[in-house]
Amino acid sequence: MGRDPPGPAEDEAPGAAAAAAGAAGREGGGEEGEGRARGGAEAGGCYLALCARPVQFEKANPVNCVFFDEANKQVFAVRSGGATGVVVKGLEDRNPISFRMEDKGEVKCIKFSLGNKILAVQRTLKSVDFLNFIPDSPQLEYTQECKTKNANILGFCWTSSTEIVFITDQGIEFYQVLPEKRSLKLLKNQSINVNWYMYCPESSVILLSTTVLGNVLQPFYFKSGTMAKLSKFEIELPAAPKSSKLSLSERDIAMATIYGQLYVLYLRHHSRTSNSTGAEVVLYHLLREGSCKKTHILKLNRTGKFALNVVDNLVVVHHQDTETSVIFDIKLKGEFDGSTTIHQFVLPPRSIQPYQIPVAGPASVTSQAPVPCKLYSSSWIVFQPDIIISASEGYLWSLQVKLEPVVNLLLDKGKLMDFLLQRKECKMVILSVCSQMLSEPERGSLSVIATVFDKLNQEYKKYLEAEQSYTMVVETGLSRSNPLLKRPVRTQAVIDQSDMYTHVLSVFTEKKEAPHKFTIAVLMEYIRSLNQFQIAVQHYLYELVIKTLVQHNLFYMLHQFLQYHVLSDSKPLACLLLSLESIYPPAHQLSLDMLKRLSTANDEIVEVLLSKHQVLAALRFIRGIGGHDSISARKFLDAAKQAEDEMLFYTIFRFFEQRNQRLRGNPSFTPGEHCEEHVTFFKQVFGEHALMKPTTF
């Protein structure tokens with residue numbers, strides 16, 4: 001198992017073309033199969049898996065050569081130099097491209113431009129051939145020789161749909177391809193002795209190994225027709241080399257983007273400090289401006305053959321001897337020695353999840369049991385960031401991180417949250433961890449629960465602030481002067497109050513498993529955390545607290561929470577309190593006090609109460625503020641009738657009769673009040689004799 005160049009065999013050719021790990025094998029490719037990753041106990045907490053839908057291609061054999069293009073993530077199967085066919089397949093693009101080309105000698109390297117419009121093929125050390133794949137364009141090859149005399153082309157990289165870089169042993173040549181003219185134009189070249197090169201398509205950076213030992217690396221950055229030379233840097237070798245020959249191999253270097261920053265990863269097989277055993281991965285942070293700095297060291301605590309991938313911002317190190325892998329997260333806290341941070345692996349070593357290869361062939365034959373795939377095979381070739389190719393079996397996979405098994409392997413909940421919050425697909429796993437820590441048998445202590453809530457709300461607050469800043473810039477019109485301004489992306493790490501309420505807290509309170517004191521403490525802990533990060537608490541969380549208190553008859557606690565403003569004032573909360581009046585009479589006054597503090601318009605409060613059929617509460621409220629002489633009798637009688645409660649209707653009707661008597665000396669309604677239908681209804685139900693008689697003094 002190796003990276004580009006592949007395999008543990010020392011004599012294999014360098015360059016992307018070496019993916020033709022030419023293990024002779026049975027011919028025949030077949031359509032993309034769907035492999036199965038075995039789950040359950042067998043998987044034993046495996047947190048890495050090969051993707052379920054790999055790209056399947058014709059196995060490497062003496063007739064068929066296999067190549068991989070890291071920029072387009074495409075695998076090329078070239079039969080007989082292309083004369084009997086070339087098949088191109090990619091992880092992103094599921095439709096294979098098939099074509100033939102003239103056999104003009106052994107293919108060393110083959111890649112499409114970005115967008116698959118131009119094909120470049122290297123067959124000699126001196127030139128690269130081009131073929132347009134543009135509709136209505138003639139299928140004629142054109143050739144570009146390298147400009148530097150006596151130089152040999154080590155390989156080439158497409159940096160855009162029409163720009164290409166030749167890397168020779170004497171420097172680099174940057175060209176623009178003009179497909180209509182079937183020619184190339186030299187944009188820039190740079191002379192430098194080159195041992196080997198590496199390309200990171202995500203950041204458009206080419207890294208050249210220079211000097212006799214090979215440990216001085218020179219990066220170049222490419223963007224829309226320009227080439228920039230970045231600061232060169234030196235890789236610290238484990239010990240002073242005994243002879244002046246190439247000491248830094250391409251297989252021990254990788255380039256990858258981690259948390260949006262470009263790093264050069266160096267696999268150092270022996271630590272520089274004598275007291276430390278085992279290999280380590282040293283990370284150099286490559287900046288566009290300024291010098292490259294050594295920032296992190298990942299301790300492997302073992303020796304042997306390793307390969308590197310980067311998945312979901314995690315550095316994955318595969319170890320062939322033990323057939324296990326470990327992961328490192330440079331965002332997690334490490335041991336800082338003043339200049340670099342030393343990290344241990346996050347989780348115990350585990351194998352990639354067992355994988356079964358489906359048996360290809362007609363449906364009648366495929367009833368055979370799938371074949372287990374040989375993991376960590378010596379024919380595996382690893383490419384950045386997350387590609388694993390088995391040329392001998394004819395499969396290309398992307399590597400994936402599974403978060404569910406991590407939950408049982410990382411028992412420190414605080415560290416687990418730090419880890420999960422950085423992952424792409426984390427929301428449902430985080431919510432499930434929150435539910436678990438509130439339930440038996442994994443119930444956590446309040447301090448652990450508080451830590452988890454704080455970590456979630458810190459992330460939530462960050463997003464809210466970014467959203468607020470963006471809105472402010474847009475509203476003030478400053479966004480026009482900054483066209484690069486983008487709306488903040490809401491990642492899965494943003495767990496808001498509705499997520500917590502829906503998936504965790506409401507479910508937790510409904511279960512009624514936990515002692516009520518614990519339930520209330522948890523709810524209050526979440527509210528405390530929101531307040532700590534100055535996040536406005538949504539009323540439904542307060543309602544959940546009140547309902548829980550009422551269920552357990554904890555009215556004294558409810559009174560205290562309201563009195564000391566532990567539960568913040570809001571209209572929905574005031575309405576909820578009014579509805580509790582029948583079981584807890586002081587709730588009425590608490591509610592009115594809250595509404596007064598909110599300076600809410602009185603008629604608005606009445607409307608809210610009537611809409612909730614709280615007719616008596618509305619009437620008491622109006623009386624409490626002294627507005628009962630001017631309110632519409634019809635509005636209240638309508639609401640009382642809709643409530644379908646005859647005694648309620650009688651009470652409300654009698655109240656307004658008494659008001660009429662007091663104000664006008666007669667209990668009857670005037671025509672202007674439009675209460676005729678209610679008077680008729682009253683007579684039908686209670687009889688005419690029940691109407692109030694005018695009283696005279």
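1. Rings of Phe, Tyr and Trp, the last through its six-membered ring, are taken to pair if their centres lie within 6.5 Å. In this predicted model, Phe-649, Tyr-650, Phe-653, Phe-669, Phe-681, Phe-682 and Phe-686 form one aromatic cluster, and the structure as a whole holds 28 aromatic pairs.

2. One of these pairs is made by Trp-380 and Trp-397, whose rings lie 5.9 Å centre to centre with 50° between the planes, a tilted arrangement. The pair links distant parts of the chain, as Trp-380 belongs to strand E33 (residues 380-383) and Trp-397 to strand E35 (residues 395-401), 17 residues apart. Both Trp-380 and Trp-397 are buried.

3. Two rings also carry a lysine charge. The charged end of Lys-111 sits over the ring of Phe-156, 5.3 Å from its centre, while that of Lys-331 sits over the ring of Tyr-259, 4.3 Å from the centre.

4. For the overall picture, the secondary structure comes to 16 helices and 35 strands, and 52% of the 697 residues count as buried. Among contacts between residues at least 6 apart in sequence, 55% join residues at least 24 apart.

5. Which residues have the most contacts inside the largest nonpolar core? That core has 123 residues, and the ones in question are Phe-419, Met-500, Leu-505, Leu-567 and Phe-636. Leaving out residues up to four places away in sequence, Phe-636 touches Val-606, Leu-610, Val-615, Ala-618, Leu-619, Ile-622, Ile-631, Ile-652 and Phe-656. Another core, of 23 residues, lies apart from the largest one and has Cys-200, Leu-217, Ile-253 and Val-282 among its members.

6. His-319, found in strand E27 (residues 314-319), deserves a separate look. Its relative accessible area is 4%, so His-319 counts as buried. The side chain of His-319 is joined to that of Arg-302 by a polar contact of 3.4 Å, and a polar atom of the His-319 side chain lies 2.7 Å from the backbone oxygen of Thr-303. Apart from neighbours within four places in sequence, His-319 is in contact with Arg-302, Thr-303, Gly-304, Lys-305, Phe-306, Thr-324 and Tyr-376.

7. Leu-213 lies in the loop between strand E18 (205-210) and strand E19 (216-223). With a relative accessible area of 23%, Leu-213 is described as partly exposed, because the term buried is kept for values under 20%. The C-alpha atoms of Leu-213 and Ser-244 are separated by 6.3 Å, although these residues are 31 residues apart along the chain.

8. Helix H4 (residues 427-438) has 12 residues and reaches 17 Å from its first C-alpha to its last, close to the 16 Å expected at 1.5 Å a residue. Its buried residues are Lys-427, Val-429, Ile-430, Leu-431, Val-433, Cys-434, Met-437 and Leu-438. What do the buried residues of H4 pack against? The partners are helix H2 (404-409), helix H3 (413-420), helix H5 (446-475), helix H6 (497-511) and helix H7 (516-532).

9. In the loop between H4 and H5 one finds Glu-442, which is partly exposed, with a relative accessible area of 38%. Not counting residues up to four places away in sequence, Glu-442 touches Lys-413, Gln-436 and Met-437, and Met-437 is one of the buried residues of H4.

10. H7 has 17 residues and reaches 24 Å from its first C-alpha to its last, close to the 24 Å expected at 1.5 Å a residue. Among the buried residues of H7 are Phe-518, Thr-519, Leu-523, Glu-525 and Tyr-526, and the buried residues of this helix pack against H4, H5, H6, helix H8 (539-551) and helix H9 (555-563). Just after H7, Gln-534 takes a positive phi of about 55°.

11. The side chain of Thr-509 reaches the backbone oxygen of Ser-506 at 2.9 Å. Leaving aside neighbours within four places in sequence, Thr-509 is in contact with Thr-519, Leu-523, Leu-544 and Thr-548, and of these partners Thr-519 and Leu-523 are listed among the buried residues of H7.

Note on methods: Residues numbered from 1 in each chain as written. Predicted model: local features only at pLDDT ≥ 70, side-chain atom pairs only at ≥ 80, totals over all residues. Heavy atoms only, no water. Phe/Tyr/Trp six-rings, centres within 6.5 Å; stacked < 30°, edge-to-face > 60°. Helix = DSSP H or I, 4+ residues; strand = E, 2+ residues; numbered from the N terminus. Buried < 20%, exposed > 50% of the residue type's maximum accessible area, 1.4 Å probe, protein only. Lys NZ or Arg CZ within 6 Å of the ring centre and 35° of its normal. Core = buried A, V, L, I, M, F, W, Y, C linked by side-chain atoms within 4.5 Å. Contact = heavy atoms within 4.5 Å. Polar contact = N/O pair within 3.5 Å; in protein donor to acceptor, adjacent residues only side chain to side chain. Expected span 1.5 Å × (residues − 1).
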